[in-house]
Amino acid sequence: MEKAREIIRLEDIRRIYRVGNQEVRALDGVSLSVYKNEYVAIMGPSGSGKSTLMNILGCLDSPSSGHYVLNGVDVSEMEDSDLADVRNREIGFVFQSFNLLPRYNALENVALPMIYAGVPARERMERAADALRSVALEERMDHKPNELSGGQKQRVALARALINNPSIILADEPTGNLDTHTSIEIMRLFDEIYRKGNTVIVVTHEEDIAAYAHRIIRLRDGKIESDKENTKYTRTFNPL
């Protein structure tokens with residue numbers, strides 16, 4: 001059987017902040033690999049470093065030391081403009097707060113990343129419409145965020161995350177603002193995305209959301225406490 005391709009490699013990643021005279025080690029020597037078509041949950045209590053790790057994985061921040069190799073390219077010391085290019089090309093983001101632009105309708109929100117990628121306007125609209133159909137929002141394309149439910153907003157965010165065919169879908173507490181029923185619907189979509197061959201990384205503090213992943217990495221005090229296959233992995237989409 002062919003070995004899965006490594007998409008992410010972190011080598012001894014440290015992220016140190018200075019607060020006055022105090023040094024805060026948000027990440028303290030994190031090393032891990034993520035492979036193509038893995039479904040990974042990153043967990044940890046408040047202050048464990050999971051948000052800092054997400055920001056580094058998403059090229060929103062750079063480590064103080066160590067190496068981050070993304071799809072064969074060391075992005076650890078890239079300038080902000082280069083990081084932005086990598087981010088738009090390689091990573092699709094899904095946030096708890098949806099991060100949709102209120103003045104744009106669903107179609108325009110989904111098309112937005114393609115503007116930065118230089119995709120022609122007509123192609124942008126066609127691809128954005130296809131993406132919204134894939135998340136069952138074909139009848140809501142003209143609606144602005146304030147006209148959508150929380151679940152519909154997150155579907156728009158998912159369509160936008162997928163629009164540039166990224167290497168990784170990175171989700172930060174994607175069901176944090178949703179009720180239980182809607183959360184299950186959104187996690188069903190994540191499973192469909194994973195089944196289609198995408199690599200999915202979900203950052204969460206909720207055990208029932210992590211249960212959808214097949215690998216769970218737990219952080220504590222800026223270090224990896226455990227990195228294990230999820231023996232409770234479920235495809236039944238029932239609350240645990």
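**Entry 1: ground rules.** I am reading a predicted model, where local features need pLDDT of at least 70, side-chain atom pairs count only at pLDDT 80 or more, and totals for chains, interfaces and linings use all residues. Residues are numbered from 1 along each chain as its sequence is written, and side-chain values use heavy atoms, with hydrogens and water left out.

**Entry 2: the four-stranded sheet.** I took helices (H or I, at least four residues) and strands (E, at least two) as DSSP runs, numbered from the N terminus. I counted two strands as paired if DSSP finds at least two bridges between them. An open sheet of 4 strands came up, in the order β2-β1-β4-β5, with antiparallel pairing. β2 (22–35) and β5 (73–74) stand at its edges with a single partner strand each, so one side of each is left without a neighbour in the sheet. I then looked inside the sheet. β1 (residues 6–19) and β4 (residues 65–70) run antiparallel and are joined by 5 bridges. L10 has Y68 of β4 as its bridge partner.

**Entry 3: helix α1.** α1 packs on this sheet and touches β1, β2 and β4; its direction makes about 125° with that of β1. Contact here means heavy atoms within 4.5 Å. Axes are lines fitted to C-alpha atoms, for helices over the stretch in contact, and angles run from 0 to 180 degrees between N-to-C directions. Is α1 mostly covered or mostly open? I found 6 of the 8 residues in α1 (residues 50–57) buried. Buried means under 20% relative accessible area, exposed over 50%, and partly exposed in between (1.4 Å probe, protein chains only). The buried ones are K50, T52, L53, M54, I56 and L57. After α1 comes C59, with a positive phi near 60°.

**Entry 4: G44.** This glycine sits in the loop between β3 (39–43) and α1. Why does G44 count as buried? Its relative accessibility is 14%. Leaving out residues up to four places away in sequence, G44 touches K50, T204, H205 and L219. I also checked G44 against D227: they are 183 residues apart along the chain, and their C-alpha atoms are separated by 12 Å.

**Entry 5: the six-stranded sheet.** Here 6 strands form an open sheet with mixed pairing, in the order β6-β7-β8-β3-β9-β10. β6 and β10 (223–229) are the edge strands, each with a single partner, so one side of each has no neighbour in the sheet. From one strand to the next, the twist averages 15°. β3 pairs with β9 (residues 215–220) in the parallel sense over 4 bridges. I42 stands opposite I217 in β9. α5 lies across β6 and β7, at about 170° to β6.

**Entry 6: the pockets.** A pocket is an open set of points on a 1 Å grid over the protein atoms alone, where a 1.4 Å probe fits, with protein on both sides within 12 Å along at least five of seven lines; lining residues have an atom within 4 Å of a point. The largest pocket is lined by 18 residues, and N88, F93, P113, Y116 and R160 lie nearest its centre. β6 gives the most to this lining, with 4 residues. The second largest pocket has 14 lining residues, of which S134, L162, I193, K196 and N198 lie nearest the centre. There, α4 gives the most, again with 4 residues.
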